[in-house]
Amino acid sequence: MAMINILQECKFYFIFRDNSIILKDSQLPDFDIVQKCIKYNVVSDWFIEKEMNYLAIQLESDCPNPANCTDIPLRNYFHTIKNNSECEEITNLVTRAKGLLNFRSNTRYCKKCGGALKNDTNFTAKNCVQCNN
């Protein structure tokens, strides 16, 4: 229950599939959509940055769109929000979220010793299980 409360408190929810972003009625999805994605186990990765007030989800490539949602290429999304009063904040957070999801999926081994990396429980970082780097 505590985890659900933390997720609900986010201001922004970003759902990505490959290089597209998922929208509901041309807007960012709400908590209900996020909850359904997690419930139906179509999420390949996700994280929350509480201090930046957003949650990011990477969907499996072959899963269908959530109900009443569409996906558009991320580049096109930036053109659709240019008149939004929160445009700069959203743009910064979306690019950060997508970059961190890419980092999390592509960075698997320690550059120092070659050991496996695991996600840090407190930060958007990875730690080596062998050398603790």
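I looked up the second largest pocket, whose volume is about 210 Å³. I worked on a predicted model, in which local features need pLDDT of at least 70, side-chain atom pairs count only at pLDDT 80 or more, and totals for chains, interfaces and linings use all residues. Residues are numbered from 1 along each chain as its sequence is written, and side-chain values use heavy atoms, with hydrogens and water left out.

A pocket here is an open set of points on a 1 Å grid over the protein atoms alone, where a 1.4 Å probe fits, with protein on both sides within 12 Å along at least five of seven lines; lining residues have an atom within 4 Å of a point. Volume is the space filled by probe spheres set on the points, which are joined across faces, edges and corners.

I listed 13 lining residues for this pocket, and those closest to its centre are Ser26, Gln27, Leu28, Tyr77 and Asn84. Strand S1 (12-17) and helix H3 (74-80) each give two or more residues to the lining; helices (H or I, at least four residues) and strands (E, at least two) are DSSP runs, numbered from the N terminus. I sorted the lining into eight nonpolar, four polar and one charged residue.

I then turned to backbone angles. Most residues other than glycine have a negative phi. Asn41, in the loop between helix H2 (31-39) and strand S3 (43-49), has a positive phi of about 55°. Asn68, in the loop between strand S4 (54-59) and strand S5 (69-73), has a positive phi near 65°.

Definitions and conventions:
Nonpolar A, V, L, I, M, F, W, Y, C, P; charged D, E, K, R; others polar.
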